[in-house]
Amino acid sequence: MTSLRPQGLSPHLFVIDVESAIAFYREGLGAVEVFRNTLPDGVILFVELQLGAGRLLISEETPALGALAPPTLGGSPVLILLEVDDPDAVAERAVAAGAEVEMPVREMFWGERYGVLRDPFGHRWAVTTAREQLTPDEIVEGTAPRPYPPAD
C-alpha cells in the first residue's frame, strides 16, 4: 500500500481555540497549512501543518474523546523538538507571537544551539540547530561536570 503523505512521526496537539493556535504556529514557528478537515457544522476536526520536513496536526480540545489540552491537564509532559537553521530567530519570532521562554537559546555541551519555549496553548518546544558533530563519548564526557540547564 502506498501512502499519500510521508511516513513518520507527526505529533497531534490538542488546544483550546484551534484558530488562534493555527495563527500562532504560522506566525511564530513558520508553519504552513497543508490540509483542513471541517465538519458540516463548521467545526474544525483537525488541521495538518507543515513545519520544515515534519507535519503537525492541530485539533480543538475534545474532553468527551479524552483529547485534552495542556491547560486542562495542568501542563504538558512533552517537549517537541524543532530543528531549524536559526533557533535564535525562531525563538524571537515565537516570543513576539506570544510564546514564553523557559530556557534561552544558547550553545550546549552536546554541540547544538538550543532553547526551550512554551507556546500560548501550553505546548513546549525545543528549538535547536547542530553546531558540531560530536561522538556519543564526547557528549557523555561533556555531560558529567555541567549543571543542566546550564547557567547563563
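**View 1. Leu39, Val43 and Leu45 form a nonpolar patch on the surface.** Together they have about 230 Å² of accessible area (Shrake-Rupley method, 1.4 Å probe, with only the protein chains shown counting as cover for residues). A patch takes residues with over 30% relative accessible area and no salt bridge, joining nonpolar side chains within 5 Å and like charges within 9 Å. A salt bridge is a side-chain nitrogen of Lys or Arg within 4 Å of a carboxyl oxygen of Asp or Glu. Leucine 39 lies in the loop between strand 2 (32-38) and strand 3 (44-51). Helices (H or I, at least four residues) and strands (E, at least two) are DSSP runs, numbered from the N terminus.

The model is predicted: local features need pLDDT of at least 70, side-chain atom pairs count only at pLDDT 80 or more, and totals for chains, interfaces and linings use all residues. Residues are numbered from 1 along each chain as its sequence is written, and side-chain values use heavy atoms, leaving out hydrogens and water.

**View 2. Alanine 21 sits in helix 1 (residues 18-29).** Its relative accessibility is 0%, so alanine 21 counts as buried (under 20%; exposed is over 50%, partly exposed in between; 1.4 Å probe, protein chains only). Leaving aside residues up to four places away in sequence, alanine 21 touches Val15, Ile58 and Phe121 (heavy atoms within 4.5 Å).

**View 3. Strand 8 (residues 124-130) is mostly covered.** Five of its seven residues are buried. Strand 8 pairs with strand 5 (residues 79-83) in the parallel sense, over five bridges (pairing needs at least two DSSP bridges). Strand 7 (residues 112-118) pairs with strand 8 in the antiparallel sense, over seven bridges.
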